[in-house]
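This report describes the sheet, the helices packed on it and one surface feature of the structure shown below.

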Amino acid sequence: MALTEHQVKQAKAKEKDYKLSDGKGTFLLVTKSGARHSRLKYRHPHTKRERLLALGVYPEISFKKARLKCDEPRNLILDGIDPSDHRKTREIENHTAATNTFEALALDWFATKIGINPKAIAAAQCVY
């Protein structure tokens, strides 16, 4: 049976962490501190080991949105792709694309030519 928004709001902290199942591998983890984390439990497509994928923390992301976020990882699993590895790869690609700009390369070149640490120039730019 699917969890309702009311049940998620009423979930209170206990002595130990506990889970409220939503079905299809989605569950709400309620910690001792009272935080409510949405998670997806799945099996790795190749190793068949159980894995967990974090979907968000309750007040920031409603449980309804967390359910909708599960569709993409489930489709990736059906295609034989591990959602956790896919997420990490995507983050690395985004970071590489952001740091591999003409401006970053020019600042790095300029820093090496005048003999200062390129990170010092980057830190000075953060002031703006």
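In this model Leu40 stands opposite Leu53 in E4. Strand E3 (residues 36–43) and E4 run antiparallel and are joined by seven bridges; two strands count as paired if DSSP finds at least two bridges between them. Helices (H or I, at least four residues) and strands (E, at least two) are DSSP runs, numbered from the N terminus.

The model is predicted: local features need pLDDT of at least 70, side-chain atom pairs count only at pLDDT 80 or more, and totals for chains, interfaces and linings use all residues. Residues are numbered from 1 along each chain as its sequence is written, and side-chain values use heavy atoms, with hydrogens and water left out.

The four strands form an open sheet in the order E1-E2-E3-E4, with antiparallel pairing. Its edge strands, E1 (18–23) and E4 (50–57), each pair on one side only. Neighbouring strands are turned by 30° against each other on average, direction ignored.

| Helix | Strands | Angle |
|---|---|---|
| H3 (residues 71–78) | touches E1, E2 (26–30), E3 and E4 | about 15° with E3 |
| H4 (residues 83–99) | lies across E3 and E4 | about 55° to E4 |

Contact means heavy atoms within 4.5 Å. Axes are lines fitted to C-alpha atoms, for helices over the stretch in contact, and angles run from 0 to 180 degrees between N-to-C directions.

Trp109 belongs to helix H5 (residues 102–114). Trp109 is exposed, because its relative accessible area is 53% and exposed means over 50% (1.4 Å probe, protein chains only).

Terms used: Buried < 20%, exposed > 50% of the residue type's maximum accessible area, 1.4 Å probe, protein only.
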